[in-house]
Structure formats: structure tokens, C-alpha cells
Amino acid sequence: MKERVKYSLPPPLHETCHWLMISHGKDRQRQTFFDASKHYYHTRIIPELRNKIVLSSSYGWLVLQDGNSQECSLLNLVSMEMIWAPPINLNNYKLCILWLPPTDPNCQLFFIFKDFLMSWKPGNMEFIKKEFRLEVEEYLSLFTVNVHKGIIYAIVEPTVDTVFANLEDEIISFKKLIKRNDLTLGALEGNPHFDMYLIESCGEILLVNKIYSDCFGDQKVVYNFKILRIDYSKDGWEEVENIGKQAIFLSKSEGKFCNVSCSGLQTNSVYFTEGRNLYIFSLDDQSIKICLPCPIVNKHNSTLSWIL
């Protein structure tokens, strides 16, 4: 096999590196990898990523959707192994979750829709559809979702209650876990807007509220975060004011929780993107830093994804 040129491969993806990948250029033909700890970037042209949309990133694998055909695949950025998924219609899907790496026999790829999910195990010929059943009639759809130890957790609209269900059930019947309260809403003075992320962290589920004021154009003005964990003794959420040597990384639709004590990144912080900018919110003093990972990227034709 002919050896590939360096320019067509990702930079070395070490465990202590936390890369922000920016897809840009015509048909997303260029990929710029920004090292958030050392503040430098590498630009590549990787054929496997041309015109691909990153739906999720976990365990060193990317879940990709082709911009033209909408075919889905899994790509390992170290080995460059690619696994193709069966055809699936992703119109109006809400969230993509890769549960365990493809090297694990229990690996599954989930696409969450309004009232059902589609699951696939690598090697199978098709996706399996499972309907949702919500025990309360006023539940309309799932707002944010995550999977932890075979249990699917969700915040539901419009009540903002927290619900859970067993993934192995043939019909996924959600039951109420926590009733909505002011903590769930991330309520502050005034009437803030917020995005919610359910994130797995050290064996538990965290709820991260990204709170912002009115949007200017297509960009949100984020000014605070509220992080919660489940207090099972009180059947409620409790606020987390300090996450220690960890950091939270948020993209448009998903969040990750990582130990950054040996990476040179800012601990007890939230890293998030808006437009083509990277922001760092400190939970210590509620300050926000901003940086531009790559000045040559066009803000109107680029997508940013964390590689963790």
C-alpha cells in the first residue's frame, strides 16, 4: 500500500491533547486541528473527511454524515479505519450517541428522534427502531438525552422534567425521575435563554445549562453556566460549583467531560464554541476568555467539532 503524505492525515492525536477540528473550504475539503492547550493549529486535506459533517465524537471515533448522500460512517482518526453504517433517514433527528467504541462487542450507535430511536451494532445489516412511550400525556418530546450504563436519561419538553428508561426494553417507556424546578431551568434574574446538555461524568450524569441573553444575528451571547448532578436521596438536582481538575467541552449538540490536569488546559472550566470562536468560562470567577483558533477560516462556511 502506498504511504500517505503527511498532509492527508490528522496530526498525532495524543491522549493529553484536546483537539478542536474545524471543517472549512469548498465542500469542507480542509480540516484545521487546533490544539487548545498549546494554541497552535495544523491544516490538513483528509479525503475521508471531505464534505463530511461530524455528528458525534467519542473514544477517538467520529460519527460522520456525507453532505450529499447523507450516508453515515464511523472513522477512527488514529488508524483511519472507516466503518459504514446501513442507510438511514436522518431528517429531524435530535441527537447522535456512540455508546462504546466499535472495538467493544456491546458498541451501539443511536440516533434519537422526537418519539423513537434508531440503534445499530457494527456488523448488523440495518438499524432497529424502538418507539418511545412517555407516561405523562403532557410530555411532547425529548429536549436533551444521554445514555449511561444501559439507561437512557432525558429532559422532556415542555415540562422540563427529568425521565429515564431501560435501553434494552422493546418499547422504551420513560418514567419520571425528577420533577422540574428552578435549578433545572437554570433560573437567574430576568428571563434567560438556555441550552441543556446531559453529560456522563465519572460514573454519574451531569446537567449543564448554558445560559445566554438575546442573540445577535446567528450568535448567542453566553454569560453563565449552571452545572447540576442528581441527588438521589432527595429525588432532585443539586448544584455543582466546582468540578476540580476537570473541564467540560461543548459543541453544538453534545458535551464531554474530561480530566485536563496534565494537559495545560484551564481546570474547573467550560470550553465552548460559538461561530468560529472558542470561549473558556471559568467556574471559579465566572469570567469568560475568547480566542480565535484559526484566523483564515471563513465564519460563514465552517463547522467546529471537539475530538476527545
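Asparagine 76 counts as buried because its relative accessibility is 12% (buried means under 20% relative accessible area, exposed over 50%, and partly exposed in between, with a 1.4 Å probe and protein chains only). The model is predicted: local features need pLDDT of at least 70, side-chain atom pairs count only at pLDDT 80 or more, and totals for chains, interfaces and linings use all residues. Residues are numbered from 1 along each chain as its sequence is written, and side-chain values use heavy atoms, with hydrogens and water left out.

**Asparagine 76 and its surroundings**

- Asparagine 76 belongs to strand S6, residues 72-76 (strands, E, of at least two residues, and helices, H or I, of at least four, are DSSP runs numbered from the N terminus).
- Leaving aside residues up to four places away in sequence, asparagine 76 touches Gly60, Trp61 and Glu81 (contact means heavy atoms within 4.5 Å).
- Glycine 60 is 16 residues from asparagine 76 along the chain, and their C-alpha atoms are separated by 6.0 Å.
- The side chain of asparagine 76 also reaches the backbone nitrogen of serine 79, at 3.0 Å.

**The sheet that contains S6**

- Strand S6 is part of an open sheet of 4 strands in the order S4-S5-S6-S7, with antiparallel pairing (two strands pair if DSSP finds at least two bridges between them).
- Strand S4 (52-58) and strand S7 (82-84) are the edge strands, each pairing on one side only.
- From one strand to the next, the twist averages 25° (axes are lines fitted to C-alpha atoms, for helices over the stretch in contact, and angles run from 0 to 180 degrees between N-to-C directions).
- S4 pairs with strand S5 (residues 61-66) in the antiparallel sense, over 6 bridges.
- Serine 58 has tryptophan 61, in S5, as its bridge partner.

**The sheet of 8 strands**

- Another open sheet has 8 strands in the order S8-S9-S10-S11-S15-S14-S13-S12, and its pairing is mixed.
- Its edge strands, each pairing on one side only, are strand S8 (95-99) and strand S12 (141-148).
- On average, neighbouring strands of this sheet are turned by 30° against each other, direction ignored.
- S12 runs antiparallel to strand S13 (residues 151-157), and 7 bridges join them.
- Leucine 142 has valine 156, in S13, as its bridge partner.

**Two hairpins**

- S2 and strand S3 (residues 40-44) run antiparallel and are joined by 5 bridges; threonine 32 has threonine 43, in S3, as its bridge partner.
- The hairpin of S2 and S3 has 4 residues between the strands, and histidine 39 in the turn has a positive phi of about 55°.
- S20 and strand S21 (residues 255-259) are likewise antiparallel, with 5 bridges between them.
- Glutamine 246 has asparagine 259, in S21, as its bridge partner, and 4 residues link S20 to S21 in a hairpin.

**Aromatic rings**

- There are 13 aromatic pairs in the structure (rings of Phe, Tyr and Trp, the last by its six-membered ring, pair if their centres lie within 6.5 Å; planes under 30 degrees apart count as stacked, over 60 as edge-to-face and the rest as tilted).
- One of these pairs is tryptophan 19 with phenylalanine 33, which is edge-to-face at 6.4 Å centre to centre, with 85° between the planes.
- Tryptophan 19 is in strand S1 (residues 19-24) and phenylalanine 33 in strand S2 (residues 30-35), so their pairing ties together parts that are 14 residues apart in sequence.
- Tryptophan 19 is buried at 2% relative accessibility, and phenylalanine 33 is buried at a relative accessible area of 0%.
- Phenylalanine 249 and tryptophan 306 also form an edge-to-face pair, at 4.9 Å centre to centre and 70° between the planes.
- Because phenylalanine 249 lies in strand S20 (residues 246-250) and tryptophan 306 in strand S25 (residues 302-307), this pair ties together parts that are 57 residues apart in sequence.
- Phenylalanine 249 is buried, with a relative accessible area of 1%, and tryptophan 306 is buried at 5% relative accessibility.
- Tyr93, Phe111, Trp120 and Phe127 make up one aromatic cluster.

**Charged side chains**

- Lysine 129 places its charged end over the ring of phenylalanine 116, 4.4 Å from the ring centre (a charge sits over a ring if NZ of Lys or CZ of Arg is within 6 Å of the ring centre and within 35 degrees of the ring normal).
- Glutamate 274 lies in strand S22 (residues 269-274) and is buried at 9% relative accessibility.
- The side chains of glutamate 274 and lysine 210 are joined by a polar contact of 3.0 Å (a pair of N or O atoms within 3.5 Å; within protein, one must be able to donate a hydrogen and the other to accept it, and residues adjacent in sequence count only if both atoms are side-chain atoms).
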